[in-house]
Amino acid sequence: MTGRRLPDGGSRLDRSRPIAFTFDGRELTGFEGDTLASALLANGVDVVCRSPILGRPRGIVSAGVEESSAFVVVSEPWFEPIVAATMVNLVDGLTASGRAGVGVLPADPPRTKPSMHRHAHVEVLVVGSGDGWLAAAEEAVRRGDRVLLVEREPWLAGGAPDGLTILTNATALGLYDDGYAIVHERGPERDTLWHVRAGRVILATGAHERPIAFADDDRPGVMLAGAVARYVREFGVLPGERAVIFTTNDSTHEVSETLTDAGAEIPFVADVREGWAVTGIEGDTHVEAVHVVGPGGERRTVEADLLAVSGGWNPTAQLSRAIGGGLRYDEALATYVPDGTGPDWLEVVGTAAGDGLPRSAPYWYTPADDLSMHFVDLQRDQTVQDVLDAVGGGLRSVEHVKRATYIGTAIDQGRTSGVLTAEIVNAALGWELGAQGPTNARPPFVPVPFSVLAGMDRGRTLLDPKRTTPVHEAHVERGAVFENVGQWLRPRYFPEGGEDLERAVARECLAVRTATGALDASTLGKIEVVGPDAAVFLDRMYTNRMSNLSVGSIRYGFMLGLDGMVFDDGVAMRLAEDRYLVTTTTGGAAAVLDRFEEWLQTEWPDLRVSCTSVTEQWAVVAVGGPGARDVVTDLGTDVDLAVEAFPWMTWREGTITGVPCRVCRVSFHGELSYELHVSSWHGRHVWDAVVRAGAVPYGTEAMHVLRAEKGYVIVGQETDGTVTPDDLGMGWIVNPSKGDFVGKRSLVRADTLRNDRKQLVALLPSDPTALPVEGAQLVGSAELPEPPVPMLGHVTSSYRSPILERTFALAMLKDGRAMHGATVWAASGGETIACEVTGPVVYDPEDGRRDG
Amino acid sequence: MLLVRCPWCGPRDEIEFRYGGQAGLTYPADPEALTDDEWADYLFMRDNPKGPFRERWFHTAGCRRWFNAVRDTATHRFVATYRLDEEPPP
């Protein structure tokens with residue numbers, strides 16, 4: 001190939017601004033306005049990459065988004081793993097090299113362009129400035145509509161009316177319900193992903209030229225005819241000096257004129273309508289001569305360095321098709337055009353609708369004995385023979401042929417190969433033209449980097465909101481190791497002097513069991529339920545009665561799903577006759593509030609109740625252990641802490657270390673405990689005072705061990721949506737005499753009454769150092785029998801107990817309450833651990849410690 | 001991304017809403033009077049028509065109010081949205 005820059009011309013170029021770039025290690029220059037493809041053609045580069053499967057040399061075929069041949073990896077100034085050379089705007093310092101097949105990510109994270117998301121609301125979105133767009137846009141602007149035009153190219157071919165918003169270098173990736181569009185705008189320093197909601201969408205995406213398949217049609221120097229003309233006119237690049245034209249239609253007349261005007265020769269035009277066809281190419285890495293055959297079978301060889309091909313034009317209607325727009329076969333155009341169906345907010349205009357396209361002969365490939373080098377999809381290295389083999393193998397649908405050959409799955413999404421493949425299949429089956437159209441198209445219209453989809457939602461700070469408690473800074477200063485609980489960051493443990501997890505947790509657990517510990521429990525979900533009917537409402541939501549709770553008292557309760565399965569748990573504190581504070585699990589707060597509001601609005605609108613989330617208004621410091629009363633006394637309080645005055649499951653209002661406080665006698669570890677609820681503003685002050693008074697900070701890991709020793713369940717750990725209160729051995733929490741509550745009826749369904757349901761038990765491994773794996777299946781023998789192995793249950797929690805100096809686990813075991821004393825085996829990774837089944841409370845089963 | 005017309009807030013993006021399943025299923029006045037089969041019918045069985053379907057939506061990230069809609073499951077288009085205290089359109 002002898003591509004070269006013409007001395008003048010090139011409507012897109014700014015010849016006063018040369019641009020230096022590097023391709024495959026060669027330093028080259030182009031001009032402002034070039035694409036990488038036009039600059040490579042101008043520098044005489046014919047082979048851009050090698051094809052992925054066959055390793056054949058490949059050059060530039062098109063001037064746009066339909067490129068199926070020339071792919072590159074860009075390493076500077078921003079990384080792109082694989083992109084068509086026609087889609088890369090030339091910028092200073094651009095560094096690229098050929099890349100076939102799939103992109104590869106380097107080991108070190110490369111520099112990607114910053115990107116952000118933006119939203120736009122308009123009456124009219126115009127996609128593309130293909131012909132037909134202007135009339136529609138002008139009318140809308142006149143009406144006073146907000147009109148947005150997105151154009152893939154860096155500039156508009158013509159003028160635009162005032163009052164129009166224009167995005168260039170912007171490609172609509174997809175259209176979605178109700179006029180929603182995603183648009184990728186590629187800026188020099190930053191990309192923007194636009195979310196556009198439009199009242200109407202006008203598709204003026206134009207049409208793409210279709211190739212014709214013949215032997216060695218993938219040689220560099222075989223190009224789409226319209227692209228050849230565009231390189232001359234827009235980029236001042238002459239792709240070849242002697243051009244043969246192979247055509248089915250009249251659109252190549254203009255190509256001939258453009259080439260001749262630019263000084264090229266046209267030694268031959270092979271027009272299929274006159275019985276001529278191209279049969280093959282001479283030359284290994286670029287076109288040196290073209291073989292043609294005539295209507296009488298006469299054969300000629302024409303010396304040439306360029307073959308400009310036009311097999312007709314396909315409307316660019318993929319965006320319409322993907323949202324339900326239909327296609328019909330048009331015999332005159334020998335292609336598929338939008339049939340007018342589809343969403344009522346979408347209008348396809350101009351050549352995208354088939355209007356104004358040249359009539360074309362229906363000609364898909366040059367017949368030959370050997371069709372194995374008639375390439376249909378260049379990037380997938382698939383030929384006419386591959387399509388015929390798929391049909392010969394019994395496939396009839398183009399969708400199946402696509403999946404068998406991968407034709408249409410490459411970066412160009414079948415823009416050049418789709419119609420060709422469909423008609424080769426139709427012909428091979430003896431079906432008429434247009435019997436089945438090309439495969440469906442799906443977003444994205446062009447590849448989009450994941451970094452653009454991520455936008456600014458990346459990195460540790462922006463990927464997901466991070467919730468911290470009012471005491472968080474104190475934990476950071478203490479060197480806590482944090483874990484994510486939902487969006488909350490909670491201290492998992494507080495290592496001291498180089499402790500690992502196990503030693504730190506052991507120390508923290510023993511502090512609570514033998515002295516005093518402090519837990520930041522601020523993440524507990526908290527909802528205030530207020531109104532004259534609050535008590536009635538909570539009676540219907542919880543399994544037990546909340547209406548007879550006296551002001552100043554607390555009750556633990558379950559909420560069930562309508563199916564009778566445990567949904568969430570927590571305590572209800574009665575603050576006043578018409579006012580409760582209910583706590584939820586840390587992760588369940590939003591779901592519980594949703595559920596309260598759902599029932600109040602949809603089933604019981606007569607109840608006068610309102611619900612407010614107050615999770616973040618209150619900091620909660622749980623002080624627990626045999627020394628808890630002394631620690632709280634040391635803080636200075638006007639609350640009488642004596643057991644008689646302040647019994648288990650009550651709360652009192654007063655001051656603690658000078659600040660207003662609700663003190664609650666609840667415990668998640670079985671020791672004497674005071675939960676201090678204070679305003680968030682005072683959280684840090686109270687935490688620091690508690691720690692100064694000698695309480696040992698402990699984290700969620702110790703909290704888990706301590707609660708499991710007492711057989712206290714965690715919703716979502718012991719339960720999985722298939723567990724009833726009775727399965728947990730907590731039938732006492734269900735009050736069947738109080739009237740209806742959500743889930744009650746399901747507790748007497750036949751399935752919930754089965755006596756072989758899994759029930760909560762504790763497991764004591766025979767080897768007190770063996771730790772069953774959480775999630776391990778429970779089986780009935782030490783040796784695993786041949787599959788299928790009967791499963792008896794599964795381990796839900798498993799820990800080392802520092803106070804018992806042994807391991808233990810909680811498990812859900814079939815008919816578990818009848819199996820106390822029996823042995824089961826926890827199986828994991830082919831090994832089994834023998835365990836004795838016991839009741840779920842392995843420490844202090846008589847609850848002798850909670851009053852201190 | 002559907003455009004959902006909240007009866008209180010007007011047209012908003014689908015991501016502001018939560019889907020609530022079939023509308024018009026009333027919690028039984030006395031669940032304990034129902035047989036297992038009748039209760040299971042209320043609990044599990046839902047219509048699945050091709051065409052207009054009455055369903056519930058919740059404006060989670062907006063006014064936090066539940067409302068009803070008629071949506072055509074074949075075209076994905078909303079025929080109407082209406083408040084809980086309004087009758088469905090004919």
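Predicted model: local features only at pLDDT ≥ 70, side-chain atom pairs only at ≥ 80, totals over all residues.
View 1. Residues are numbered from 1 along each chain as its sequence is written, and chains are lettered from A and ligands numbered from 1 in the order in which they are written. Strands (E, at least two residues) and helices (H or I, at least four residues) are DSSP runs numbered from the N terminus, and two strands pair if DSSP finds at least two bridges between them. The open sheet that contains this pair has four parallel strands of chain A in the order β16-β23-β18-β19. Its edges are β16 (222-224) and β19 (265-271) of chain A, each with a single partner strand, so one side of each lacks a neighbour in the sheet. On average, neighbouring strands of this sheet are turned by 25° against each other, direction ignored.

**View 2. Helices α3 and α4 of chain A lie across strands of the parallel sheet.** Helix α3 (residues 225-235) of chain A lies across β16, β18 and β23 of chain A and runs at about 120° to β23(A). Helix α4 (residues 252-261) of chain A lies across β18, β19 and β23 of chain A, at about 175° to β18(A). Axes are lines fitted to C-alpha atoms, for helices over the stretch in contact, and angles run from 0 to 180 degrees between N-to-C directions. The buried residues of α4(A) are A:Thr252, A:Val255 and A:Leu259. Because they cover an arc of only 45° around the axis, they are on the same side of α4(A); the arc is that of the directions from the helix axis to the C-beta atoms. The other side of α4(A) carries A:Glu257, A:Thr260 and A:Asp261, which are exposed. A residue is buried if 20 or more other C-beta atoms lie within 10 Å of its own, exposed if 12 or fewer, and partly exposed in between, with C-beta atoms placed from the backbone. The cover over the buried residues of α4(A) includes α3, β18, β19 and β23 of chain A. After α4(A) comes A:Gly263, with a positive phi near 100°.

**View 3. Domain 2 and domain 3 of chain A are in contact.** The domain assignment, from an automatic or database source, gives chain A domain 1 (4-98), domain 2 (113-208 + 316-363) and domain 3 (369-439). The centres of domains 2 and 3 of chain A, taken over C-alpha atoms, are 28 Å apart. Eight residues of domain 2 of chain A meet eight residues of domain 3 of chain A, contact requiring C-beta atoms, placed from the backbone, within 7 Å. On the domain 2 side of chain A, β25 (327-330) and β26 (335-338) each supply at least two residues. The residues of that side divide into four nonpolar, three polar and one charged. Here Ala, Val, Leu, Ile, Met, Phe, Trp, Tyr, Cys and Pro count as nonpolar, Asp, Glu, Lys and Arg as charged, and the others, Gly among them, as polar.

**View 4. A mixed sheet of chain A has six strands.** The sheet is open, in the order β39-β40-β41-β38-β32-β42 (chain A). At its edges stand β39 and β42 (696-697) of chain A, each with a single partner strand, so one side of each has no neighbour in the sheet. Strands β32 (residues 517-520) and β38 (residues 618-624) of chain A pair in the antiparallel sense over four bridges, with A:Ala518 opposite A:Val623 in β38(A). Helix α12 (residues 501-514) of chain A lies across β32, β38 and β42 of chain A, at about 115° to β32(A). Helix α15 (residues 628-635) of chain A lies across β38, β39 and β41 (673-679) of chain A, at about 130° to β38(A).

**View 5. A:Thr657 and B:Arg64 have positive phi values.** Most residues other than glycine have a negative phi, and most peptide bonds are trans. A:Thr657, with phi near 40°, lies in the loop between β39 (651-656) and β40 (659-664) of chain A. A:Thr657 is buried, with 20 other C-beta atoms within 10 Å. B:Arg64, with phi of about 60°, is found in the loop between β4 (52-58) and β5 (66-72) of chain B. B:Arg64 is partly exposed, with 14 C-beta neighbours inside 10 Å.

Conventions:
Contact = placed C-beta atoms within 7 Å.
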